[in-house]
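Trainee: Could you walk me through how the chains in this model touch each other? I'd like to take the contacts one pair at a time.

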Amino acid sequence: MTAAAADVALKGRVGDPFSSAWRRRLPLLPALVYMIAITQLPFLVSIYYSFTNLKDKTQSLIPEPTRFIGIDNYKQIFSDPFFRQAVWTSLKMTVLAVLLSLLIGTLFALLLDRKFLGQGLIRTLLITPFLLMPVVAALIWKQQMFSSLFGILDKVLNFLGLNSVAFISSHPLGSIVTVLVWQWTPFMMLIILAGLQSQPGDIIEAANVDGASAVGIFRQLTLPHLRRYLELGALLGSIFIVQAFDAIDVMTGGGPGSTNVPYYVYQESIGGGFRYGSASAYAIVVVIFAIIIATFALRVLSSLFADEERA
Amino acid sequence: MHEGRNASGRRRVRVLAGVLVVMLVAGAWLAATAMGGSASKTISVAIVANGQMQDIASLTPSLFTAKSGIKVKYTILDEGKLREVTTRDVGSGGKSFDAVMIGPYEAPQFGTAGLLKDLTSQAKADKAYNYNDLIPAVRNALSVKGHMFASPFYGESSFLMYRKDILAKAGVTMPLHPTWQQVATIARKINTPSMAGICLRGKPGWGDFGASFTTVLNTFGGTWWSSTASGQPAAAQVDQPAFKTALDFYAKLVQDAGEKDAANSSYNECLTAYQAGKVAMWYDATVAAGFLEASNSPVKGKNGYAFAPVDKTKASGWLWTWALAIPKSSPDPGDAWKYIAWATGPQYLAAAGTRVKGGWAAIPPGTRISTYKIPQYKAAAKAFAGITLAAMKAAPITNPGTTKRPGLPGVQYVGIPQFQDVGNRCTQLFASVLSGSMKDTDALGQCQQIASQAIK
Amino acid sequence: MKRGTRIGVGERRSIVAGIGVVAWVIGLLWIFPVAWTVFTSFKTEQDASAQTLHQGLSFGRYGDVSRSIPGTLSLQAAFTNSLVVVLVSTVIVLLLALPAAYALAIRPVHKWRDVLFFFISTKFLPVVASIFPIYVYAEKWNLIGTRTILVILYVAINLPLAVWMTRSFFMEVPRELIEAAEIDGTSLVNQLRSVILPLAAPGIAATALLCVIFAWNEYFYAIQLNFANASTMPQWVISNVSTRGNFLAKLSAASTIACLPVVLAGWAAQKRMIRGLSMGALK
């Protein structure tokens with residue numbers, strides 16, 4: 001059933017009361033009103049704060065009254081090299097994590113798409129990292145794997161006669177991306193697996209009977225079918241990974257190379273800067289960028305919907 | 001028809017199941033909220049996750065609640081999170097805590113800003129509390145113009161701890177008042193692949209690496225900011241030669257003779273490494289000695305202690321205390337004071353000695369003169385009690401370096417509100433220098449920007 | 001023939017066996033950090049920090065973390081708080097999302113694309129951006145340190161995804177069945193009950209599971225607002241990172257306990273998740 005067909009079907013009905021448009025909107029209203037209230041109102045308050053010099057009272061020894069300072073906060077953002085660094089780090093972190101987890105997730109999905117002994121068990125094991133608390137995942141990698149004092153990787157390296165590597169201190173971005181990829185690959189795997197399993201099996205059978213190679217089948221039949229699933233995975237993954245916070249807080253506490261935009265705003269706000277006015281301005285700028293990127297993502301969404309209508 | 005009946009039957013079951021679940025959840029919520037609203041007096045206290053704090057939390061029911069009828073709900077957080085949460089709570093008039101644990105960095109600032117209750121009159125009036133028993137340096141660090149805003153729970157300075165046996169084997173002696181050059185030479189001499197010469201803090205954070213490094217910075221003649229005549233910060237001094245010298249010295253020492261993964265090491269990691277025999281010397285808080293000489297410590301009896309190394313100044317050890325304060329917005333300041341008077345009073349110290357796991361050597365040190373007169377404590381802490389007290393008295397809190405600076409008193413921090421954020425962000429950069437992934441000139445340049453921007 | 005259940009025409013047994021071996025190796029390597037952590041949780045602290053096994057295995061650490069210093073956050077309190085918050089918020093999400101999905105799929109409003117975009121766009125706002133206004137107003141209304149504030153925020157976090165997913169599952173319901181119900185004159189609620197929900201049930205279950213996963217594992221709001229009261233499991237886990245001596249074994253035990261409910265739920269429901277996602281998350 002498609003949305004267009006639904007429209008047509010309903011327009012043709014006899015006897016719709018004059019308030020049919022409102023009767024359609026009614027079931028939507030609770031969810032819509034709720035989201036507007038909980039997300040937009042704080043946003044509006046943030047806009048207000050961003051034009052003031054609001055700070056925590058502990059930040060000035062003599063009480064400093066909160067006053068309106070116009071766009072000073074905004075002017076400062078564009079001359080802030082550390083914010084630019086954070087944006088660049090966000091970009092690197094998100095792109096790396098999304099692409100790697102998508103790639104590895106697809107490989108895993110392809111592996112799991114065949115029946116072999118223990119397929120269900122392996123799938124169960126592979127899903128597990130996604131189900132863990134992000135703080136637990138970060139702690140596991142920080143203390144059990146990467147730590148130079150206790151970590152298992154250090155012992156393995158020493159056993160092989162290699163030098164110790166201070167993973168988190170020397171490679172902060174790499175460590176964070178590792179944890180993100182480890183956690184999000186199962187999510188991508190599930191989506192791609194869903195895509196693979198929704199492929200009509202008889203077409204593949206026919207291609208096999210015709211003597212097509214496995215690689216050929218993959219390229220000509222599977223990959224196009226998977227395109228929408230890959231896009232969905234990339235979109236959803238980006239939405240969540242760009243917000244990554246827990247891993248940074250637990251593993252590196254910020255620092256050059258691993259502070260992304262959410263963490264930077266946090267540091268400016270309740271994470272130590274306590275400059276609420278300035279932090280709100282950063283947040284607004286981030287939101288504006290996000291809306292621009294979201295409009296771009298909408299094109300991806302539209303192509304997903306367009307495919308629906310064609311179907 | 002048959003299918004329809006089954007379908008409706010299944011539906012009914014599902015509906016019933018759904019209603020049941022909702023009822024269960026609602027019931028659980030109601031029950032839980034009902035349980036939470038008990039009528040007995042409870043105060044809420046925020047404390048750091050240190051050993052002495054965990055000890056007092058265990059002893060509170062038997063030693064405090066039993067006698068006063070006041071229950072204490074502890075929120076234990078690590079230092080960084082605790083600071084974030086209490087600063088925001090105190091600054092925004094939050095009602096989450098009746099008492100909060102802060103240090104001499106926050107106490108004068110919050111007190112001057114009018115966010116804390118002045119404890120002086122209550123403290124002086126309470127005979128059992130014995131106001132005059134508090135070590136003056138510690139008390140003054142928590143006060144503004146004679147008004148005490150927080151009561152000290154434990155106090156520490158910094159000094160150098162070393163393995164007497166390792167140094168003896170290498171034919172080296174450590175003077176009682178060493179210079180940093182002497183310490184560096186010794187560290188490099190006794191450094192081996194299996195046992196590092198020295199453990200120095202490297203973990204980012206103004207209270208972690210920042211504390212150790214700032215004492216080095218001070219004694220090398222550097223400072224974070226210069227000061228105006230009235231004591232306000234004038235200009236950032238991160239670009240000065242003394243700062244670079246200090247950072248280079250620290251970084252090189254750590255790289256040549258320091259512990260593995262220094263950029264991730266603070267007090268806890270160095271303590272573990274020292275006790276495991278992975279480092280031979282350690283410059284850090286005096287309170288560590290209590291753990292090194294505890295009855296179950298693998299290095300008990302093997303340690304020597306020297307004053308904090310110096311360069312251009314006579315003393316360089318820091319002064320820190322974790323103290324309990326009452327925010328102005330505290331819901332129950334009366335009971336909060338009763339708790340604080342007990343927790344930081346001499347009776348707790350006397351009672352704790354026989355009750356805490358580490359014995360007398362593990363009771364909170366460095367707050368009261370009377371502690372150092374308790375015979376059992378003197379016996380258990382023989383190796384380090386004397387030098388601890390001397391170090392605390394010698395901490396140069398009014399003149400830590402060679403130049404005038406803002407934010408006094410204070411040794412290992414600058415007592416201005418901006419220092420917390422500047423310190424945190426700059427130590428992040430410096431930690432990268434320690435781990436070799438950033439050049440010192442780059443880090444110093446970026447830090448100078450941060451420090452200048454902060455005082456604009 | 002269901003995919004992935006039979007060796008298809010043209011696939012040699014040896015290739016399939018080889019793939020099986022590769023999959024086993026990869027699976028075990030991928031799970032290694034988790035498996036090692038669970039293994040560590042049974043060791044003593046000394047063994048854990050040295051990565052040795054001299055002192056045997058036991059449930060001792062589990063006992064240690066289950067007992068807490070009185071007056072501090074206990075496992076029981078954190079678990080109850082998490083459970084209540086997660087269940088209540090998920091129920092509310094479903095109660096709001098199902099009708100909304102109806103209004104976007106079955107009898108769509110005219111601007112359904114914009115509405116969908118709005119829902120998803122709320123997830124582009126970084127949580128850190130709005131935390132201070134939320135804190136200020138929560139403080140004003142005495143909601144700091146309550147389960148209520150977390151429920152409110154978790155509903156807002158999960159609702160967009162729930163609406164989107166439920167909508168696509170509703171789109172799967174055959175048009176004829178709905179029209180039949182409409183002709184019969186059944187109300188919206190009855191339509192949902194008798195026609196739509198039974199068919200979309202696996203998808204709705206998948207959605208609910210995702211909501212549970214995200215709500216149970218949420219850390220930022222939980223620790224920034226409920227640090228003192230009504231604290232949840234993530235904060236309890238972190239509290240086992242001690243500054244007094246070694247803690248790796250205790251932390252491993254605490255992590256295992258904290259993650260177990262959601263992991264078990266995910267394991268039990270994984271087939272349903274895949275079926276739900278393949279059913280309609282995309283169509």
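Mentor: Bear in mind that this is a predicted model; in it, chain B and chain A bury about 2,800 Å² between them, with 52% of that area on carbon and sulfur atoms.

Trainee: How many residues does each of chain B and chain A put into the contact?

Mentor: Chain B contributes 31 residues and chain A contributes 38 residues.

Trainee: And how many salt bridges are there between chain B and chain A?

Mentor: There are three salt bridges between chain B and chain A, and one of them joins the side chains of K81(B) and D249(A), at 2.9 Å from N to O. Across the interface of chain B and chain A there are also nine residue pairs in polar contact, both residues being at pLDDT 80 or more.

Trainee: Which helix of chain B gives the most to the side that touches chain A?

Mentor: That is α17(B), with six residues. By class, the side of chain B that touches chain A is made up of eight nonpolar, 15 polar and eight charged residues.

Trainee: Switching over, what about chain A and chain C, how much do they bury?

Mentor: Chain A and chain C bury about 10,300 Å² between them, 76% of it on carbon and sulfur atoms, and the contact draws 112 residues from chain A and 112 residues from chain C.

Key
Residues are numbered from 1 along each chain as its sequence is written. Chains are lettered from A and ligands numbered from 1 in the order in which they are written. This is a predicted model: local features need pLDDT of at least 70, side-chain atom pairs count only at pLDDT 80 or more; totals for chains, interfaces and linings use all residues. Side-chain values use heavy atoms; hydrogens and water are left out. Contact means heavy atoms within 4.5 Å. Buried area is the accessible area (1.4 Å probe) that two parts lose on being put together, summed over both. A salt bridge is a side-chain nitrogen of Lys or Arg within 4 Å of a carboxyl oxygen of Asp or Glu. A polar contact is a pair of N or O atoms within 3.5 Å; within protein, one must be able to donate a hydrogen and the other to accept it, and residues adjacent in sequence count only if both atoms are side-chain atoms. Helices (H or I, at least four residues) and strands (E, at least two) are DSSP runs, numbered from the N terminus. Ala, Val, Leu, Ile, Met, Phe, Trp, Tyr, Cys and Pro count as nonpolar, Asp, Glu, Lys and Arg as charged, and the others, Gly among them, as polar.
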